[in-house]
Amino acid sequence: MNTTKRGFAYQLWDFFCSLRLSIFLLIGLALVSIIGTIIPQGNPPQEYLQTISETKFKLYQQLGFFDMYHSWWFILLLYFLTLNLICCSIKRLPRVWKIISEPVLVMDDRFETSLSITRDVKMTGAAASIKDQIVSFLKQEFAEPVVTEVNGEYHLFAQKHAWCRLGVYVVHFSIIIVFIGAIIGSFAGYKGYVNIPEGGSISRVVTRNGKAVDLGFAVRCEKFSVAFYDTGAPKEFKSLLTVLENGQPVAGKQNIPVIVNEPLTYKGVTFYQSSYGPSDEGASYHISVKNRKTGAATQITARQGERVALPGGAFLSVMEGTADVRPFMKDFDGPGAQVEFTPPGGQPQPFVILGDKYQSFNEQHGGDLVLTLASLDQKFYTGLQVAKDPGVLVVWLGCALMVVGICMAFFMSHKRLWARVTDGSVTFGGSASKNPAGFELSFDELMQKLNKG
Amino acid sequence: MSSSMFFNVAMVTYLVSTCIFFAFLASRSKAVGLAGTYAALFGFLVETAAIGLRWKESYDQGHGHAPLSNLFESVVFFSWTIILIFLIMDFKYKYRAVGAFVVPFALFGLAWAQLSLDSGIEPLVPALQSSWLMYHVITCFLGYAAFAVACGISIMYLIRDKMEQNGGSAAAGGMLSMFPAVKVLDDLNYKAIMIGFPLLSLGIITGAAWANYAWGTYWSWDPKETWSLIVWFVYAAFLHARITRGWVGRRAAILSVIGFAATIFCYLGVNLFLSGLHSYGK
């Protein structure tokens, strides 16, 4: 019983140590990840039901396909990968560490045959003097050697970049660090979204999970503006934000311009320009009213939906408007508003008024009066992404470590040289952890230099 | 002279280079192989000038941004990086036959861009107005290009491996005789991926850093991000396969081809078929 238990534990250990499992998990993760790129993630159920049948919907929902990167089985695969790389590292690291910390100092005959590169060099002199020559040569051209004397022969060993063998483990470790950063972020951070109308402020944010978070301070949107290129493509979305503590502006955090790619951070919470729209309170319309007979003109200002008295007993209310009518009326531009005009004692008449460029258009309506839309003040709200992620620094640490590890593992090679010095001759042996062909070239160069010297 | 004319010259030169490389396979003359490399180098210099000129043109038009902002510019840059990685490997290892299977990738890219993509220089939309754009795009495309080179080499491996298994010896194989030995091809494939994988990793990291800076989240499982991770998984599997018995050689070559297919889908397929945050390229 005991032995089978032990056997099972070993089997499980071997299973998690195996490279085949790594390959299987990596390819498996690659394959299942495709699902979430084809099925849109996190949409409301109605949207899915428009394109797929109800049975399919239920099946997909059961399988977690609508939020698959957070489904139990995807997370499980990631845990398996983590476990796999931890076990692989635990199994292999001691062996690699031994190569680094306890190098083979003596190249005996058996070890020599295991090396792919060996060269015999004839030299004049006794072993001791040749040894001194080789030591200073290696010190200058390669690395300082360790000298061991065995039976009157001198054994030299020198190495370069031994620690680059740890690169693979640095990369594995960095992946775990990134995961830890992600876990910290998911527990201690939040992501949310707020709309702030111009002039308004907020101190609470609703997160993606539907939880309301108190910021502990408030953010006021002083102004929002959008600029366009001549082509009509957007050029810049800009919010001017002020941070308020207890209703008072915080010094240095007033009227901070926030544009896409330039967020505002305060107390670990970051605000990103994300969207915008017309504010609910509607625009103010500046309308000039001219009497056709007398020519007397006055200016009035009307808020959207407000019923305003006009000279001579008529009334006007603006239903809606826009700063640019191009999308709605072909061949016209500038501001425009849909109004409802009620002449004295008459029925309400709906029509459109435009800017002063279009006098003849505006003269078609309004009875005794000619209404011209001088300008309008459209108020916007700004849509801000709000994020707090204390794990993000840990993630960057992991990424930096990954880059270092990759450089060690991919671009550096552990190079080792052995020399056995006897009277009148030296036998060299060499090995490199990577690019053996390239190492052989530099090995031969070294031998040539020795011959010349 | 406009950049468009330079792009055309580069395109024709890549076509000529491809033809010379195939002539090299047929003629087995070393001089012809060298001519193929020089043609590719000339095309590369012309394309470099064209990209530089286009950069200048964008300043002349008052937009002033690096030519890395839309589909046309990225396809052109992709072809440029493919030739760059190919030339580096060619000068280092001197296996000329590889050109016949790599230069066509750059040729297809440039021809597609010149013949059917909109080459207008557009101003940058707000989301792209960041210096991260350069770091992110350059690292990603250099990585993609190394994978393109690896894919070309893997196709050669699979052809030669198939021929040898069918009993045809290398010497008798005509064109095949100029292919490097399967062992060499396997090694070259590995070397190309050793260039590509670190660059892709850097590309993903710079992308995450930018996303965090612009959107407040370094990873949102957007289709583009996910596909870049899929590509990363495939090449990570490749690197682990290299040290696993039974996975060297043919399977590694197949993984490399699959990896490049995933790369192309990540680059183009996601923009054409899926919706997400990276929709600038449409």
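**Two chains and their contacts**

Reader: Start with chain B. How much area do domain 1 of chain B and domain 2 of chain B bury between them?
Author: Domain 1 of chain B and domain 2 of chain B bury about 2800 Å² between them, with 86% of it on carbon and sulfur atoms. Buried area is the accessible area (1.4 Å probe) that two parts lose on being put together, summed over both.

Reader: What kind of model is this, and what are the ground rules?
Author: The model is predicted, so local features need pLDDT of at least 70 and side-chain atom pairs count only at pLDDT 80 or more, while totals for chains, interfaces and linings use all residues. Residues are numbered from 1 along each chain as its sequence is written, chains are lettered from A and ligands numbered from 1 in the order in which they are written, and side-chain values use heavy atoms, with hydrogens and water left out.

Reader: Where are the two domains of chain B?
Author: Domain 1 covers 1-118 and domain 2 covers 125-282 of chain B. Those bounds come from an automatic or database domain assignment. Their C-alpha centres lie 19 Å apart. Contact (heavy atoms within 4.5 Å) takes in 28 residues from domain 1 of chain B and 35 residues from domain 2 of chain B.

Reader: Which element gives the largest share on the domain 1 side?
Author: α3(B), with 12 residues. Helices (H or I, at least four residues) and strands (E, at least two) are DSSP runs, numbered from the N terminus. By class, that side of domain 1 of chain B has 24 nonpolar, three polar and one charged residues. Ala, Val, Leu, Ile, Met, Phe, Trp, Tyr, Cys and Pro count as nonpolar, Asp, Glu, Lys and Arg as charged, and the others, Gly among them, as polar.

Reader: Now chain A against chain B. How much is buried?
Author: About 3800 Å² between chain A and chain B, 74% of it on carbon and sulfur atoms. T37(A), N261(A) and F410(A) supply 18% of the area that chain A buries against chain B, more than any other three residues. The contact takes 44 residues from chain A and 44 residues from chain B.

Reader: Which polar links cross the interface of chain A and chain B?
Author: Nine residue pairs are in polar contact, both at pLDDT 80 or more. Salt bridges across that interface come to zero. On the chain A side, α2(A) gives the largest share, 11 residues. That side has 28 nonpolar, nine polar and seven charged residues.

Reader: How many salt bridges over all chains, then?
Author: The count is 18. One of the pairs is D109(A) with R420(A), whose closest N and O atoms are 3.6 Å apart. D109(A) lies in helix α6 and R420(A) in strand β20 of chain A, so this pair ties together parts that are 311 residues apart in sequence.

Reader: Switching topic. Where does I52(A) lie?
Author: I52(A) is in the loop between α3 (45-51) and α4 (54-63) of chain A. Neighbours within four places in sequence aside, I52(A) contacts F57(A), Y60(A) and F66(A). I52(A) and V146(A) are 72 Å apart in space, C-alpha to C-alpha, and 94 residues apart in sequence.

Conventions
A salt bridge is a side-chain nitrogen of Lys or Arg within 4 Å of a carboxyl oxygen of Asp or Glu. A polar contact is a pair of N or O atoms within 3.5 Å; within protein, one must be able to donate a hydrogen and the other to accept it, and residues adjacent in sequence count only if both atoms are side-chain atoms.
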